[in-house]
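The stops below go one at a time.

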Amino acid sequence: MSIAPIICIDGPSGSGKGTISRAVARALGWHFLDSGALYRAVGVAALSGGYPLDDEPSLAKLALHADIEFEDRIDREPHVWLGDDDISEMIRTEEAGQAASKVAALPAVRAALLQKQRNFAQPPGLVADGRDMGTVVFPHAELKVFLTASAEERARRRHKQLSEKGIEAILPALLREIEERDLRDRTRAVAPLVPANDARIIDSTSQSIDVVVATVLDWAHAL
Ligand code: C5P
């Protein structure tokens, strides 16, 4: 029996799950776990420490002991520190995303981060955003949602997001990066990106954020 109810929202990058999970957490007044930010922080720690991204034993130690701190905020992306360094911006780069996806394919790294993620489950409840929240981290969650969208739509959203931040990006290159990362996340041996058997699937390709949030909140209220 968990100490707090849990809603898992899993899916590929660009499916809108970050925005949707945060909006659901805010509406319910629950805690929020951005598990991708945790993997990104480990990726940044590995890059800045000069670790080869396939050195599993060293990366697992790093994941377990790195001084990574999250600010528990649901109204915007969490601030993340590595030691005294604010790495909130750095973890959002494409380079950090690729590094995260490589370290996330290592079973010992995933095992090292398991308890850190479970510690986020505190009353009154938790909305957990990731790839394996419903399958591995919180298999007994009260509600599991798997959010998808076509790769083209996800690349378009990412392009828009970057250009709003004044960052130039090339759409076909973004699409290629998204497809590469999807393939690695879906085919890895450990905790691959697949819906849990009991997950409810939402395709957000042609649905607005508000509609998807309302659907998830309806399900949450019916628990
Ligand atoms: O969600 P986000 O794009 O920030 O995640 C970055 C990477 O971290 C993903 O591509 C994925 O490889 C990894 N990840 C994971 N399991 C999670 C969350 C993220 O493997 N629960």
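Predicted model: local features only at pLDDT ≥ 70, side-chain atom pairs only at ≥ 80, totals over all residues.

**Stop 1: helix 4.** Select residues 94–103. Helix 4 is largely enclosed by the rest of the structure, because seven of its ten residues are buried. Colour the buried ones: Ala 96, Gly 97, Gln 98, Ala 99, Ala 100, Ser 101 and Val 103. Now bring up what covers them. The cover includes helix 2 (35–48) and helix 3 (56–65). It also includes helix 5 (107–118) and helix 8 (171–187).

**Stop 2: the ligand.** Select the ligand and the residues around it. There are 17 of them, and Arg 40, Arg 110, Arg 131, Asp 185 and Arg 188 come nearest. A side-chain N or O atom of Asp 132 lies 2.9 Å from a nitrogen atom of the ligand. For Arg 181, a side-chain N or O atom is 2.9 Å from a ligand oxygen. For Asp 185, the distance from a side-chain N or O atom to a ligand oxygen is 2.7 Å. Of the 450 Å² that the ligand exposes when taken alone, the protein buries 96%.

**Stop 3: Arg 131 and Asp 185.** Stay with two of the residues that come nearest the ligand. Arg 131 and Asp 185 form a salt bridge, with their closest N and O atoms 3.5 Å apart. Arg 131 sits in the loop between strand 6 (126–130) and helix 6 (133–137), and Asp 185 is in helix 8, so the pair ties together parts 54 residues apart in sequence. Both partners are under cover. Arg 131 is buried at 13% relative accessible area, and Asp 185 is buried at 5%.

**Stop 4: Asp 10.** Select Asp 10, in strand 1 (residues 6–10). Which side chain of opposite charge is nearest to Asp 10? The nearest is Lys 17, 6.9 Å away. Asp 10 is buried yet has no salt bridge. Show the backbone around its side chain instead. A polar atom of the Asp 10 side chain lies 3.1 Å from the backbone nitrogen of Arg 131. The side chain also reaches the backbone nitrogen of Met 133, at 2.9 Å. Beyond its neighbours within four places in sequence, Asp 10 has contacts that include Gly 130, Asp 132, Gly 134, Val 145, Phe 146 and Leu 147.

**Stop 5: Lys 144 and Asp 198.** The structure holds 13 salt bridges. Here is another one to select. Lys 144 pairs with Asp 198, the closest N and O atoms being 3.1 Å apart. Lys 144 is in strand 7 (residues 143–148) and Asp 198 in the loop between helix 8 and strand 8 (200–203), so this pair ties together parts 54 residues apart in sequence. Lys 144 is buried, at 6% relative accessible area.

Stop 6: Select Lys 160 and Glu 164. Are these two buried or exposed? Lys 160 counts as exposed at 54% relative accessibility, and Glu 164 is exposed at 59%. They form a salt bridge, with the closest N and O atoms 3.3 Å apart. Both lie in helix 7, four residues apart, about one turn of the helix.

**Last stop: a network.** Select Glu 94, Arg 158 and Arg 181, which are linked in a network of salt bridges. Arg 181 brings you back to the ligand, at 2.9 Å from one of its oxygen atoms.

How values were computed:
Residues numbered from 1 in each chain as written. Heavy atoms only, no water. Helix = DSSP H or I, 4+ residues; strand = E, 2+ residues; numbered from the N terminus. Buried < 20%, exposed > 50% of the residue type's maximum accessible area, 1.4 Å probe, protein only. Lys, Arg positive; Asp, Glu negative; His and termini not counted. Salt bridge = Lys/Arg side-chain N within 4 Å of Asp/Glu carboxyl O. Polar contact = N/O pair within 3.5 Å; in protein donor to acceptor, adjacent residues only side chain to side chain. Contact = heavy atoms within 4.5 Å. Near = heavy atom within 4 Å. Areas by Shrake-Rupley, 256 points an atom, 1.4 Å probe, with all protein chains shown as cover.
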